[in-house]
There are 2 protein chains.
Amino acid sequence: MTLTQLRAFVAVARLGSVKAAAISLGISEPAVSGAVAVLRRELGDRLFVRAAGGITLTAGGRRLAAGAAEIVGLAEETRRQVRQAAADGSQLRVAATETTAEQIVPPLLEAFVRRHPDVRTTTLAVPSTALGELLLDRRADVAISPVAAEPGAVAAAPGADTLERIPFLRVQLVVVASPRHAGARPDHVDGGRLHLPVGRLSREHWLLGPGGLDPGTPGGAFLTRHGVGDADASVFPSTSAALGAAVAGDGLSLAVLHLVRDELRRGTLTVVAVPGTPVNGVLRASALPGDRRSPAASALCRFVTTPTAVRSLLTRSTGVPVDHYRPTVRVSLWS
Amino acid sequence: MTLTQLRAFVAVARLGSVKAAAISLGISEPAVSGAVAVLRRELGDRLFVRAAGGITLTAGGRRLAAGAAEIVGLAEETRRQVRQAAADGSQLRVAATETTAEQIVPPLLEAFVRRHPDVRTTTLAVPSTALGELLLDRRADVAISPVAAEPGAVAAAPGADTLERIPFLRVQLVVVASPRHAGARPDHVDGGRLHLPVGRLSREHWLLGPGGLDPGTPGGAFLTRHGVGDADASVFPSTSAALGAAVAGDGLSLAVLHLVRDELRRGTLTVVAVPGTPVNGVLRASALPGDRRSPAASALCRFVTTPTAVRSLLTRSTGVPVDHYRPTVRVSLWS
DNA sequence: CGGCGACTGAAGGGAATGGTTAAGAGGCGT
DNA sequence: ACGCCTCTTAACCATTCCCTTCAGTCGCCG
């Protein structure tokens, strides 16, 4: 499988004809046909068949078309980026778990780029198990992830000995629900507050963001430890959306205490008393050791423990200016 | 630039040594060194330099390491997917604008997979200008996007003649704010409702999700048409988060009317009367013409106009079951 | 300063890639 | 049935890739 072969196939898939692809690439038809033939042999799939008015991709051909277009485009983009690396300012890729990438990283990086305006940041949202791999593969410069505050609760991740870890903020996770939801279950209400034994957790309906059940995070570990499984949870496109559904009274959610301060004060959400909560966690930054790390990564590692950084995390996020905004990229695991 | 060369460089970057990379790849050191030398020449960058205790990547080397790991992993994953294409059920990639991908597509696809349980769906969030390209490149099977309801308001997108377009739902966009926010500006309050002339829109602070200013969407076009620019808007990680900030009284937002029904009824949000609103839009599905389209894409194109689909969009979303959930992937443009 | 380990370069060869022209095979329309 | 257009295969060649062995150079460390 060669980039040239993939380029040829992309052209065929897009234009619907070997001839047209050959013309657009400026080569002969047999060259295109040959490239496709190699792919066919190697992948064991016809990829496309001749049909009325052109060609029809097979199921495998459709997937290859999508993947090949992605690969070819990415190769081109990478080439361009390397060429311009010197001209551009430095780049900083921050990997985090889904929830952290949504709630913690944006205000943190906003404060960071305010102090280092020349740094271009990108956020990657990944399963917690992928964070170490991403750092080792140099696909990310720094990882931000929450871990259980209790020592020894989490086994060492792969490459743990080669990574530097910097804890910088304690967080508390609480179970929240709409007061109306609480009021609808008077059997456990005491003093206006809903009490819930842990044995009942898996009978409740949970409203979570993507990765809310990730067992590598303190929140996901808490839920799975108490038997909350796939059948008990609904996933929303974002943690904010899940909290919105909780406000609407659709079920329970798990939230970082200081991030729902406003909702609690306004009374649109209330904390549900559950033994074992609040779940104590610590946010920490991970990166390669100092000599194998980019300057921007080192700057962020120093920054996270500063009062400025902590303050940016404790005040409610006001969003980021449009020109600072870089979308969070979801990264797939393939290893 | 060859996949083999990229693989060699990934190993070097990860292991921090040509020798270690050669061993891990099962080839000789000169082979690795040679592969790197070709990349160096082609890209015009040292990529890495020898340093105490190993090597240090240059800025360009860091970007290449990230890109190369991505490309190599993607190639491997694509190969696997093509091989298994026959075994797996059919796949359906749905592209949409940011807001649509967050608010419209999840309930729609949830209803769709309930009827077609064998289909694996993926959602792609992209700028509106990329939707057509994605379909033509076969990177997406179906595009879901909102367009202005007024005919002729939008110029024909590239490839417009070769795509089939299926409108399926009218939507209304309204300006919303917290009632407290409204009350704080008594100069334009009339009958308890905030009225705002269009000339004042660019003086307000806007709370938007990613892509909220995308001029290819009715909402983004409305805002940019009235002078709302980068300086007037804060971007949140999701539209839900932006609405949450609006509830907190931080500014104005633009929302799909029927999706904020609950907030309006509870009084946590109120509609701001602005001339020209509600903005009328139509959701439509786009796909390649029937004979060049996958069976799953055709099924979705038929599905969107059914009462079941419309109902799924009009009732408030309850999230999707965990086992149906597939994260939304943000796709970059490189063309 | 000498030795040693690690990276780089040169030379060479086998295999593939990537291209050509020419001819065959297969579907579609008239 | 026939011709036409398109895709495929065959034969062939130049180039590049990719690996080897061997020799050289660089930097670190005792």
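## Strands paired between the chains

Strand β10(A) pairs in the antiparallel sense with β14 of chain B (residues 320-321), over two bridges. Helices (H or I, at least four residues) and strands (E, at least two) are DSSP runs, numbered from the N terminus, and two strands pair if DSSP finds at least two bridges between them. Within this pairing, Ser234(A) has Pro321(B) of β14(B) as its bridge partner. This is a predicted model, in which local features need pLDDT of at least 70, side-chain atom pairs count only at pLDDT 80 or more, and totals for chains, interfaces and linings use all residues. Residues are numbered from 1 along each chain as its sequence is written, while chains are lettered from A and ligands numbered from 1 in the order in which they are written.

Strands of a sheet pair through backbone hydrogen bonds, either parallel or antiparallel. An open sheet of three strands runs in the order β9(A)-β10(A)-β14(B), with mixed pairing. At its edges stand β9 (206-208) of chain A and β14 of chain B, each with a single partner strand, so one side of each is left without a neighbour in the sheet. The pairing of β9(A) with β10(A) is parallel and covers three bridges; in β10(A), Ser234(A) is the bridge partner of Leu207(A).

A further open sheet of three strands has the order β14(A)-β10(B)-β9(B), and its pairing is also mixed. Here β14 of chain A and β9 (206-208) of chain B are the edge strands, each with a single partner strand, so one side of each has no neighbour in the sheet. Strands β9(B) and β10(B) (residues 233-235) pair in the parallel sense over three bridges, and Leu208(B) stands opposite Val235(B) in β10(B).

How many residues does each chain bring to the contact? Chain A gives 78 residues and chain B gives 78 residues, where two residues are in contact if their C-beta atoms, placed from the backbone, lie within 7 Å. On the side of chain A that touches chain B, the elements giving two or more residues include α1, α4 (59-84) and β3 (91-96) of chain A. The most comes from α4(A), with 22 residues. By class, this side has 36 nonpolar, 21 polar and 21 charged residues. Ala, Val, Leu, Ile, Met, Phe, Trp, Tyr, Cys and Pro count as nonpolar, Asp, Glu, Lys and Arg as charged, and the others, Gly among them, as polar.

The same surface serves both copies, since 100% of the contact residues of chain A recur in chain B.

A residue is near a strand if its C-beta atom, placed from the backbone, lies within 6 Å of it. The elements that give two or more residues to this surface are α1 (3-15), α3 (29-43) and β1 (48-51) of chain A, with α2 (18-25) and α3 (29-43) of chain B. The surface near DNA strand C has 11 nonpolar, seven polar and four charged residues.

DNA strand D is surrounded by 22 residues, and the closest are Ser17(A), Lys19(A), Pro30(A), Thr4(B) and Ser28(B). The largest share of the surface near DNA strand D, six residues, is supplied by α3(A). The residues of this surface divide into 10 nonpolar, eight polar and four charged.

## A helix and local backbone features

In helix α12 of chain B (residues 295-303), Ala296(B), Ala297(B), Leu300(B) and Cys301(B) are buried, that is, 20 or more other C-beta atoms, placed from the backbone, lie within 10 Å of their own. Seen down the axis of α12(B), the directions from the axis to the C-beta atoms of these residues fall within an arc of 140°, so the buried residues line one face of the helix.

The peptide bond from Thr277(B) to Pro278(B) is cis, with omega near -5°. Leu47(B) is not a glycine, yet has a positive phi of about 70°; this residue is found in the loop between α3 and β1 (48-51) of chain B.

Definitions and conventions:
Buried ≥ 20, exposed ≤ 12 C-beta atoms within 10 Å, placed from the backbone.
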